[in-house]
Amino acid sequence: KNSAKAMEKELVICSLQEKEKTAIDRSQIFQIPQRKDLETKVIVVLGKAGMGKSILVQKICQDWSNGEFSQFEFVFWFDCKQISLPEKLYSLQKLLLEFFVKPREGSKEIFEYILQNPAKVLLIFDGFKELHDHENSPRSSASQPEKDLCSVKELLSGLIQKKILNGCTLLFTARPKDKLYQYVSKVDKTIEIVGFSPQQRELYITRYFEESSYCDSALKLIRECEYLFSHCYSPVMCRFVCFLCEAVLEMGEKSLPSTLTEVFLKFFQQKIMLMQADVTATQNQESLAALARIAWHLGEKHQSALKSDLIPSKEVKEFALKYGFFLPFAFPRHSDSEEEEFGSTFSDFVVQNFLCALHLLLAEELKDKNLTKYLSFLSKKKKPYNWLDLMPRFLVGLMYLQEDPYFCSLSNEDAKQSTKKQKTLLKYIRRLQMNTLCPERLLELLCCVYETQNNYLMQHVALRLEPDLSFLGIALTPPDVHVLLSILKRSRKEFSLDLRNSSIDMQGLQALVSLRNVTSFRASLSDTVRLWKSLKQTKDYELLKASTEKFILDPFKAKTMKDINDLSDLVKMQDKMMNCVQEESGCSSYGIPAIRNLRKLEFALGPACGLQGLQKLVKILAAFPSLQHLDLDALSENGIGDEGAKSLSEVFPTLTSLETLNLSQNKITDVGAENLATALPSLSSLKTLSLYNNNICDFGAENLAKVLPAMRSLRVLDVQYNKITGVGAQQLTDSLRKCPHIKNLVMWNPTIPYGVLEHLHQLDSRISV
């Protein structure tokens, strides 16, 4: 557990969201620069459920069969639902050459060739979530793991730990929230599937209806329902919406449902109505309730598949397969005498989520219980149902759809019971302390409340939102943005939004920024610059000016080279925008307020990029006229050295507002101290200078001592933990007598004898011992 926690902390430091977003082609997936070919390579494809991860790996397999990815002679693709379901033991040979494909002859020779040529093998594990239902991955205990029998988890552990088939390529697909990094200590490449852009959504819908007479009207109908159109960013949701739209148009209706819950209630209704001629409605009702129970029991165990013989009855199995709610698959036989086994898996994660919510409302044993305990924003510490992430939204939505004729046909509840559940939910949300919710839970609450389409509830939540709303590091999908917009519009409060590292798309960012009651916002610099460039291109100067005035930059912390590049792009953008705004508004001068008002800038790039980043930063420092605090001290130590100190000192004359300069732990020697000392008097507002823990000796101390009297604004100087001896300390003390303005000189150094420092302190109490 401790190692897993340490790994999670490391992942937070090396956040994927700090990396630059770059679109890649399928052909580039296996390109890993600066990597030895001798060791196992690990590639992870992340994406929310329904984003198309499985389709991507199937396409990779298809491309390979057509001659692409020629570096691999063998490609094995495993659906984790299937290999993790049966409690069986496998050897690597059985997994590859019996479970996946059984050669007609020569299995032994083929396997020996695979063992001798691991670099020519690609192993794909699709749906990694299915394999980790324990805290830690088990260690492989087999003495010959390639040939000994062990569990799938142990086998996979051996592959990851490079004890088995070292040198192969492993490709995992997983959801972003899955605890993948507890099991895979080193990932060579991470790819995230982000879904359809608005243009791609329209293309998908057009292609879906291209042979239908409803083509134009379908696209128009879906676009008019903005919430459903936003959900179409997910390929699987887009398919569901198209299916329902087709059914609605065929029935001559002119509008789509307004919530996701209504969409799936109608989806089930349409599916069953199309084919129910040979059975009674009661039979279907009973089968659906049984299927919902299965969905819930599997969902509680984070599973979506089961052996077919565990399905309670033949009727339920036939019902699920007939209407496409289940997909069948066969387990391979390990020997010709072994009886063949079959399994079933839910056709889609959304179907299982909806059925789980349906079970909670229909189950007799749960009717008198408080259903709010199944909402994922309930607990402060645990999220027991986050694997079923859509279930709470469906559950709340169904509570407010209990007058729907089809839902009434499924439920035996009377109106009193329905109203009681609504009142329980209402009471719960009223008592909820929204200001204590973390951003993720707050967003979940908003999405659940939106599914009710209850004006009172939505208004209640809107009025109790905090003015400062932070979604820092929380992925905001297009539907999330739509919900947030709808709720914010209902409030009279003014809001400040933090949207940094939220992966928000440009359309969503523009929509939120343009709200009148959003008076300020923070967002990733690259996203902000992209938005402004788009507004400039479309000549929407009014929104361009309004959004620049709302944008906040202070304080800014640069942690990667990308941050410095983005900051530089922002400054360049200001120069380009000035001309546009001047022409449009007639102003003689214009600057982006966020640049003009930046007061604190922290620089923490570390030793690898510290000097390079600083040299790029100094070129734009003059653009920040209000900069008061420049902090170049970092836990990882930037190590800008003498070269960095020289570059920085050259721009001191432009930093007229600078009050605090922190150059601690930067490997600055006497050479750098001399360059700094020459330019320091030009920092006319400097109050605090820290050179803590550098490599400054007596010569550097002498140069600093010479300029102290000229630094009239300086109040605190910190030169402790350098290499200054008693000689340098005496020179600083002598200079201090001429500097009544200085309040504190922190000068402890291991190279200064304690008695000398004590004596100097007695001479001048401003010297800290």
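Reader: What makes the orientation of H7 and H10 oblique?
Author: In this predicted model, the axes of helix H7 (residues 198–208) and helix H10 (residues 235–250) come within 10 Å and cross at roughly 45°. Axes are lines fitted to C-alpha atoms, for helices over the stretch in contact, and angles run from 0 to 180 degrees between N-to-C directions. Angles under 35 degrees count as roughly parallel, over 145 as roughly antiparallel, 65 to 115 as roughly perpendicular and the rest as oblique, and H7 and H10 are therefore oblique to each other.

Reader: Which residues of H7 and H10 meet?
Author: With contact taken as heavy atoms within 4.5 Å, Arg 201, Tyr 204, Ile 205 and Tyr 208 of H7 meet Pro 235, Cys 238, Arg 239, Cys 242, Phe 243 and Glu 246 of H10. By class, the contact of H7 with H10 has seven nonpolar, no polar and three charged residues, where Ala, Val, Leu, Ile, Met, Phe, Trp, Tyr, Cys and Pro count as nonpolar, Asp, Glu, Lys and Arg as charged, and the others, Gly among them, as polar.

Reader: Why is Gln 720 called buried?
Author: Buried means under 20% relative accessible area, exposed over 50%, and partly exposed in between (1.4 Å probe, protein chains only); the relative accessible area of Gln 720 is 18%, so Gln 720 is buried. Gln 720 lies in the loop between strand S17 (716–718) and helix H30 (726–736), and, leaving aside residues up to four places away in sequence, Gln 720 touches Leu 691, Tyr 692, Asn 693, Val 746, Met 747, Trp 748 and Asn 749.

Reader: How many residues of helix H15 (residues 391–399) are buried?
Author: Nine of the nine residues of H15 are buried, and the helix is mostly covered; among them are Met 391, Arg 393 and Gly 397. Across the chain, buried residues make up 52% of the 769 residues.

Reader: What makes S9 and S11 edge strands?
Author: The open sheet of three strands has the order S9-S10-S11, with parallel pairing, and strand S9 (468–470) and strand S11 (518–522) each pair on one side only. Two strands pair if DSSP finds at least two bridges between them, and strand S10 (residues 495–498) pairs with S11 in the parallel sense over four bridges; Ser 496 has Ser 520 in S11 as its bridge partner.

Reader: How do you know which residues and values to count?
Author: Residues are numbered from 1 along each chain as its sequence is written, and side-chain values use heavy atoms, with hydrogens and water left out. Local features need pLDDT of at least 70 and side-chain atom pairs count only at pLDDT 80 or more, while totals for chains, interfaces and linings use all residues.

Note on methods
Helix = DSSP H or I, 4+ residues; strand = E, 2+ residues; numbered from the N terminus.
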